[in-house]
Amino acid sequence: MTDKVNNLINQWLKWDKNEITRKEIEQLKESNNEKELLSRLEERIQFGTAGLRGAMKAGFSCMNDLTVTQASQGLCEYVIETIDQSKSKGIVIGYDGRHNSYIFARITAATFQSKGFKVYLFSHIVPTPYVSFAVPNLKAAIGVMITASHNPKNDNGYKVYWETGCQINTPHDKGISKKIDENLEPWSNVNTSAEIKYDNELMIDPLSTITELYNKNIKEYSIGGKIELANEPIVYTAMHGVGGVYAKKAFETFQLKPFIPVAQQIEPDAEFPTVTYPNPEEGKGALKLSIETAEANNSRLILANDPDADRLAVAEKLVDGSWKVFNGNEIGVLLADWAWTNRSTLTKGNATLENNKYLMINTAVSSAMLKTMSEKEGFIHQECLTGFKWIGNAAYNAITNDGITFLFGYEEAIGFQYGDVSFDKDGVRAAAIFAEFALSLYKQGSSVQEHLESMYKRYGYHISKNRYFFCYESSKMVSIFNKIRNDGKYLTNLGQQDEQFTITRIRDLTTGYDNGYPDCKARLPVSSSTQMITFYFKNGGIATLRGSGTEPKLKYYVEMIGQVKSDVEATLVKAVELVINQLLKPIENQLEPPKDD
């Protein structure tokens with residue numbers, strides 16, 4: 001064992017007080033597993049705009065008591081330095097049903113309490129949207145949600161919200177990261193193992209207050225009292241997460257019939273025993289039990305939250321008896337259409353404003369259909385980078401600085417923000433809103449799929465294929481993208497002899513290159529630490545490649561647009577094949593496809 005490894009081991013054992021994770025490192029030392037020790041101890045888990053997310057194991061590169069302590073200490077110092085009266089404003093802390101989530105929340109609470117902060121710690125597991133909502137409504141300085149969302153069961157995370165209720169963005173992530181590095185040694189006056197006692201004004205349980213206020217606010221988005229709804233059963237799954245009781249409450253608030261729960265998945269279970277990945281975005285594999293429940297109860301609509309209930313998946317039984325799982329773009333434009341139709345309910349005083357006083361937002365990898373809708377209807381459309389740290393902040397800034405009425409924002413990864421109740425994706429209110437929307441269609445003798453078809457006829461067929469390959473090495477990810485860049489000599493055509501795939505514009509948000517502008521400089525924010533390139537084709541199609549910021553995935557997003565559905569579908573198949581074979585080259589680059597591909 002080298003001196004370097006021994007020093008790292010000694011440093012870990014000096015600071016870590018958890019017997020289980022101490023023992024992990026000691027056993028690795030006893031077995032002389034230098035490679036594993038270096039992977040655990042040499043690098044620190046990085047704090048970014050998504051906060052922390054990683055596997056729950058011993059080591060500085062993982063999620064554990066020590067790294068959560070260090071993150072909390074750095075965040076605490078940064079907030080004290082950055083936000084006026086932060087201690088009296090306080091911190092909101094929520095947690096999901098994963099292993100160790102409550103323990104990590106308790107560590108965070110104890111750390112902030114040791115510096116005199118008022119702490120609003122939920123007494124029970126809550127959806128991530130409740131923390132985003134609670135921060136501004138409690139006038140808190142900061143919020144932390146302990147969750148790894150839809151990641152595998154061995155992962156956990158630490159998500160931070162600013163006083164606006166928006167996810168943190170640059171430069172806060174860098175400032176917090178710097179403070180973490182300056183506060184690595186655990187503070188001596190913090191008792192992180194003490195049980196929480198709600199017995200003074202510095203430790204408050206906000207659960208009942210926030211539950212009541214949240215549902216009072218989202219009720220404004222219900223129009224069930226003004227239109228007729230079908231009396232049809234709806235199936236709901238919480239995917240072994242926290243959503244069950246909160247979605248039930250949202251349905252009651254909208255005065256909807258109780259949904260039929262997927263019994264095997266409605267209660268929180270940190271083992272996620274019935275699914276390979278607890279992610280409803282994975283499609284029919286993840287929704288197998290939901291479909292069985294729907295078939296048994298003669299239901300044609302399934303609504304699914306992911307484990308922390310900030311995303312919503314939707315499936316509908318078609319007339320031929322098959323099930324369609326809608327992708328995030330399809331759900332997004334359907335909700336956008338509903339928001340536009342009912343925009344007075346999203347406007348102060350239920351007023352009707354000029355069309356150009358309304359705003360909708362989606363991300364650079366989401367469908368261009370929202371932009372097409374804006375051009376036809378006259379509302380403002382804004383494109384932003386991937387993730388709700390961008391959508392939420394853009395919506396907040398538009399309302400605060402420009403006096404614009406924000407209606408709706410979405411990302412294709414089934415994340416939706418309907419209205420300005422809070423500034424993050426929210427699968428709880430989206431579930432109730434979508435249920436009301438679908439039931440109104442059923443009452444009219446229509447369906448979700450038929451309504452989507454009518455929108456395609458109005459705005460053109462925008463059909464997309466979004467998927468990913470696993471890429472476990474960050475150096476390989478960078479290498480793949482650099483090969484595509486080819487020292488600035490990008491491809492000019494994907495289809496060789498096929499003129500429709502001539503590349504008319506390239507936007508590289510890693511390097512800042514965008515030849516869609518005379519100065520070839522990108523207008524969207526640029527990040528050299530994340531990989532993202534978009535290709536625009538002569539036929540109007542778009543293809544984006546990007547490395548995920550939270551998972552070891554190289555994602556691709558391809559969309560084709562046209563008036564004839566069969567033509568668009570055929571072109572999309574060809575485009576996806578070209579993107580995979582000419583750009584991603586999975587065999588040459590040894591990329592691993594998803595198991596269901």
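## Rings, cores and a few strands

With a relative accessibility of 0%, Phe-408 counts as buried. Keep in mind as you look around that this is a predicted model. Tyr-410 is buried too, and its relative accessible area is 0%.

**Around Phe-408**

Aromatic pairs turn up 26 times in the structure. In general, you describe such a pair by how far apart the ring centres are and by the angle of the planes.

| Pair | Centre to centre | Angle between planes | Type |
|---|---|---|---|
| Phe-408 and Tyr-418 | 6.2 Å | 65° | edge-to-face |

What does the pair of Phe-408 and Tyr-418 tie together? Phe-408 belongs to strand β14 (residues 405–411) and Tyr-418 to strand β15 (residues 415–418), so the pair links parts that are 10 residues apart in sequence. Phe-408 and Tyr-418 are both buried.

If you skip its neighbours within four places in sequence, its contacts include Gly-332, Leu-335, Ala-336 and Ala-339, along with Leu-359, Met-360 and Ile-361. Gln-417 is also in contact with Phe-408.

**The nonpolar cores**

Phe-408 shows up again in the largest nonpolar core, which has 163 residues. Tyr-158, Leu-303, Phe-408 and Phe-434 are the residues with the most contacts inside it. Helix α15 (residues 427–443) gives this core its largest share, 12 residues. There's also a second, separate core of 13 residues, and Leu-8, Leu-13, Leu-28 and Phe-60 are among them.

**Charges over rings**

Lys-115 puts its charged end over the ring of Trp-187, 4.5 Å from the centre. Over the face of Trp-340 you'll find Arg-343, at 3.9 Å from the ring centre.

**Strand β17 and its partners**

Which strands pair with β17? Strand β17 (residues 503–508) runs antiparallel to strand β19 (residues 532–537), and five bridges join them. Within that pairing, Arg-505 stands opposite Tyr-536. Strand β18 (residues 513–514) is also antiparallel to β17, with two bridges between them; here Asp-508 faces Tyr-513 as its opposite number. β17 and β18 make a hairpin with four residues between them, and Gly-512 in the turn has a positive phi of about 90°.

Ile-503 sits in β17. It counts as buried because its relative accessible area is 12%, and buried means under 20%. Leaving out neighbours within four places in sequence, Ile-503 is in contact with Leu-491, Thr-492, Asn-493 and Leu-494, and also with Phe-535, Tyr-536 and Phe-537. Ile-503 and Asn-539 are 36 residues apart in sequence, yet their C-alpha atoms are 9.2 Å apart in space.

**Asn-589, a buried polar residue**

Is Asn-589 buried or exposed? Asn-589 is buried, at 8% relative accessible area. You'll find Asn-589 in the segment after α18 (565–584). Its side chain reaches the backbone oxygen of Leu-584 at 2.6 Å. Beyond the neighbours within four places in sequence, Asn-589 is in contact with Lys-476, Ile-480, Lys-483 and Leu-584.

Conventions:
Residues numbered from 1 in each chain as written. Predicted model: local features only at pLDDT ≥ 70, side-chain atom pairs only at ≥ 80, totals over all residues. Heavy atoms only, no water. Pairing = 2+ DSSP bridges. Phe/Tyr/Trp six-rings, centres within 6.5 Å; stacked < 30°, edge-to-face > 60°. Buried < 20%, exposed > 50% of the residue type's maximum accessible area, 1.4 Å probe, protein only. Lys NZ or Arg CZ within 6 Å of the ring centre and 35° of its normal. Polar contact = N/O pair within 3.5 Å; in protein donor to acceptor, adjacent residues only side chain to side chain. Contact = heavy atoms within 4.5 Å. Core = buried A, V, L, I, M, F, W, Y, C linked by side-chain atoms within 4.5 Å.
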